[in-house]
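Thank you for making time for this. I would like to walk you through one structure, going from the places where its chains meet to single pairs of side chains.

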Amino acid sequence: ARDLALAYFMGPTHPMNKAVFTPFAEKLAEVSGGELTVSMFPGGALNSSPPKQYSILLDGVADIAFHLPGYTAQLFPITTSVTTPGMCADAVECTEAMWRAIEPIEKEFDAKILALWANEPQVLFTKDKPIRTLEDIKGLVVRVTSAQDIPFTEALGASAVSQPVSVINQNLSNGVVDVVSIDPSAALSFKLSEPANYITTNVPGAGSAFVLLMNRALYDGMSDQEKAWVDEASGKWLSMEGAKMYRAIGQKGIDVSAAAGVEIIELDAEERARWDAAIQPAMDEWLASEVGQGLTGAQVMSLMQGTDG
Amino acid sequence: MIETPLLLRRLERILDALAVASAVAGSLALAVLAAVTVIGVFWRYVLRDPIFGIEDVATMALTVTVAGAIAWGSRRGAHVSVNVIGWAGGRGLTRITDIAARLVSFVILALATYALFQKGACGIACGAMTSNLGILHKPFFYALGVGLGIYAAVTLMHLMIGLAHWAGEDPNEVAE
Amino acid sequence: MAGSTLALVGFGALFFLLFIRVPVGLAMMAVGAGGIWMIRPPAALPVIATEIFGEAANYSLTILPLFILMGNLAGVSGMSRDLYSAAHAWFGHLKGGLASATIVGCAGFSALSGSSLAAALTMGRVSLPEMQRYRYDNGLATGAIAAGGTLGILIPPSAGFVVYAILTEESIGRLFMAGVLPGLLLTFLFIVAIWLTVLRNPEKAPQGADKVALAARWRALARAGWIIGIIVLTIGGIYAGVFSAIEAAGIGALLALLVTILRRALTWPNVKEVAASTLSSTGTVFLILFGAFVFKTFIGFTGVTTALTGWVADLGLTGTQVVIAILLLFIVLGMFLDGFAILVLTVPLVQPILQATGVDLIWFGVLMVIALEMGLISPPVGINVFVVKGIADGVPLNTIFRGIWPFWFAMLLAVILVLMVPDIALLLPDTMFG
Ligand code: NA
Ligand code: NA
């Protein structure tokens with residue numbers, strides 16, 4: 001019997017434990033008849049810094065680690081392309097999109113991918129300034145989720161800042177930033193529904209990537225039987241569990257906020273078209289750029305959207 | 001009064017020079033850190049035009065400040081220890097325990113130095129870059145490696161000076 | 001070896017290394033790395049490198065060198081002396097007034113400095129000669145300095161709160177705000193302690209300074225305007241949410257630098273002194289943090305916190321009972337160990353227990369810092385007492401330790417009050433960002 005150490009930096013009550021980590025552990029123990037088991041190290045017990053999770057996996061500090069590729073987007077340019085505006089419409093669709101591109105994505109990770117999923121496209125949380133039209137966001141300071149969002153945010157006429165998620169609640173509350181652009185589940189996980197008075201949805205954006213990885217040397221050193229067990233307990237089905245959970249908590253975030261008196265502003269199709277037009281120059285630039293492995297943005301997009309024939 | 005052997009005195013001078021160099025590097029990095037923090041506030045509040053990723057510059061400046069501080073602190077006796085034994089036993093006991101303590105300190109510092117250089121060398125493949133501006137961590141890992149390496153050398157020197165002063169007072173003994 | 005057993009052995013090894021005077025940070029790093037090596041050999045070295053780099057590049061920790069710098073600039077620019085002079089002018093003529101002025105001066109300086117040692121040293125240098133001139137009892141004089149200095153880690157900014165915030169992932173800004181009212185309360189209790197001491201033994205403060213005319217008092221206060229202005233701007237700025245704690249430290253350092261320049265105190269020797277001592281203090285804290293995080297990772301591997309949390313749950317203790325038990329442990333440990341060492345050793349262990357019993361970690365942080373302050377002045381190992389000994393030539397250590405008891409009991413009373421009325425700590429952070 002072999003016990004594997006699974007590290008994640010959130011607390012054990014985080015929905016991803018219920019949706020992904022525990023189902024993986026249970027399934028692995030089940031299919032292997034207890035030959036392979038998983039010990040959980042939640043709360044960053046093995047390392048509490050979110051950007052460092054990939055690194056501790058490579059070092060063998062953890063056997064399995066949960067990571068956000070967006071923290072080191074330069075290393076995972078194709079994976080993180082999923083967050084490009086218009087790439088996909090919700091967590092489940094964005095997860096499907098990444099699995100269509102699984103071949104180049106696997107090459108980006110020096111590890112075995114156990115699960116790869118996305119959350120909901122970002123929405124805009126504001127305190128004093130309701131954002132109903134393109135003009136409303138001009139000149140505002142926006143906390144963005146990843147560096148890839150910058151050109152699109154600036155194309156809208158806003159200024160982008162980066163800030164650790166731990167301080168966004170406080171910073172929205174005291175006006176350090178005007179807007180927090182993040183997936184709607186943050187209304188719950190970071191209590192953004194408290195400082196925010198408005199949430200604008202249907203803005204250009206797409207989900208962010210999440211990944212559960214196994215140390216490559218460990219996987220390669222396993223017997224064929226053990227590899228088969230790991231493969232059976234992981235993969236696309238597990239990823240979809242994560243995606244469905246993110247879609248559910250994203251919706252819950254909106255519902256809870258609305259119930260707490262936050263005004264939900266959904267851009268209508270006409271207004272959304274104006275936003276899309278505003279970001280088109282930035283979009284054209286991205287589509288023409290080389291993203292990675294010789295693929296242009298346009299090629300990655302058609303691969304992820306399944307339009308490459 | 002026992003004389004410290006010439007070779008050790010020379011070593012002491014070299015390490016003193018390295019510690020001062022570390023302090024200069026650390027001070028300059030601290031100046032950068034302070035400037036970056038103030039500039040960041042100014043641009044965001046006064047000009048309403050925040051500088052994206054300025055925290056990345058601040059954190060990398062912090063690594064150099066800390067590297068310099070650790071090395072400089074090792075010569076200033078800044079790295080605190082708990083001196084209960086100084087009350088419990090006399091020099092007869094502490095000259096033995098100090099050898100053990102310095103040996104432990106040297107080994108862990110040498111390992112840490114090695115680990116920092118090894119890990120730093122991995123570079124971009126390990127995702128070792130800042131999240132916003134993509135500044136490579138490598139040189140900053142090395143800076144910390146140098147800082148802890150100087151501390152390791154200082155500890156080793158204190159170990160040897162302690163042995164040379166076995167029969168008398170140790171000039172580097174923890175003071176209160 | 002089972003995880004919990006290994007953790008126990010680890011603590012044993014740690015106390016042994018501390019006993020033979022291995023620097024606190026290195027002792028934790030050595031035991032942590034050794035323990036990890038026993039559980040997962042390939043992880044040991046990478047953990048050391050990752051944790052060292054992780055803390056040295058931790059954005060929240062940029063606050064430490066910045067406010068250490070601010071405190072040191074306040075010293076060389078003469079702003080700390082102004083503060084004492086103002087307190088002297090207002091309180092010097094009262095019963096035990098010079099000792100009270102020392103406490104007020106320490107409290108004011110604490111609002112610029114995050115370190116208890118710096119507060120005791122800086123204020124001690126100005127106030128001790130005054131108290132000796134008026135033939136104050138040595139025990140009372142040095143006790144007031146040692147105790148007043150401990151306010152440095154309770155009144156924001158505070159290195160203690162920063163390290164606690166980093167370990168528990170609580171907000172530095174909220175912790176700072178939580179320290180304000182308890183800091184003022186403790187300042188007041190210290191003054192009451194002095195007053196009671198002098199009431200019982202009038203010969204301890206045989207004469208007061210001459211009463212200063214009201215106009216002169218205001219002038220003294222005006223001279224302290226710079227330092228008071230910086231304090232109001234930085235602490236007020238955090239409270240009002242105008243800027244984050246880190247930005248406040250940056251702005252505070254800049255303002256202190258400007259005052260230093262204006263007063264023509266930015267001489268080359270002063271620059272060197274400020275740089276040398278800022279780096280020295282920074283090195284002290286970071287080495288301990290490096291060790292603490294390697295050790296914390298080892299504790300994480302052993303799973304002992306889960307076992308402990310389960311054990312406390314089985315005992316059926318309430319949150320308050322757990323807090324009282326932990327505080328008693330801190331007060332005892334504080335007799336022998338450095339405050340930071342206690343903080344970094346115990347917080348990773350007790351945090352899960354506190355969370356499981358629903359204890360507010362901001363409130364606990366304030367209680368813990370006051371308990372650590374008690375350790376700073378209690379025998380046999382009281383770091384602040386040793387610092388005061390360094391500037392009080394000819395005063396025996398025993399005299400200083402005898403002088404601290406009124407203040408030690410004042411701290412105990414402060415702990416009890418904050419325990420009974422959590423709002424003393426929580427009112428400001430809870431109303432912050434209204
Ligand atoms: Na303070
Ligand atoms: Na003590």
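Predicted model: local features only at pLDDT ≥ 70, side-chain atom pairs only at ≥ 80, totals over all residues.

Let me begin where chain C meets chain A: across that interface the rule finds one salt bridge, a term that stands for a side-chain nitrogen of Lys or Arg within 4 Å of a carboxyl oxygen of Asp or Glu. The partners are D63(A) and R40(C), whose side chains meet at 2.5 Å, N to O. Residues are numbered from 1 along each chain as its sequence is written, chains are lettered from A and ligands numbered from 1 in the order in which they are written, and side-chain values use heavy atoms, with hydrogens and water left out.

Staying with this interface, 17 residues of chain C are in contact with 17 residues of chain A, where contact means heavy atoms within 4.5 Å. Together the two chains bury about 1,400 Å², 53% of it on carbon and sulfur atoms; buried area here is the accessible area (1.4 Å probe) that two parts lose on being put together, summed over both.

Now let us turn to chain B and chain C, where 57 residues of chain B are in contact with 56 residues of chain C. This pair of chains buries about 4,800 Å², with 79% of it on carbon and sulfur atoms. How many salt bridges does the rule find across the interface of chain B and chain C? There is one, and it joins the side chains of D98(B) and R21(C) at 3.1 Å, N to O. On the side of chain B that touches chain C, the largest share, 15 residues, comes from α4(B), where helices are DSSP runs (H or I, at least four residues), strands are such runs too (E, at least two), and both are numbered from the N terminus.

Is E226(A) buried or exposed? With a relative accessible area of 15%, E226(A) is buried, since buried means under 20% relative accessible area, exposed over 50% and partly exposed in between (1.4 Å probe, protein chains only). R2(A), by contrast, counts as partly exposed at 29%.

Another pair, E241(A) and K244(A), meets at 3.5 Å, N to O, and both residues lie in helix α11 (residues 236-259) of chain A, three residues apart, about one turn of the helix. An α-helix has 3.6 residues a turn, so residues three or four places apart point the same way. Both partners are partly exposed, E241(A) with a relative accessible area of 31% and K244(A) with 42%.

In chain C, R174(C) forms a salt bridge with D430(C), the closest N and O atoms being 3.1 Å apart. This pair links distant parts of the chain, as R174(C) is in helix α10 (residues 172-200) and D430(C) in helix α22 (residues 423-431), 256 residues apart. Finally, salt bridges that share partners join E135(A), E271(A) and R274(A) into one network.
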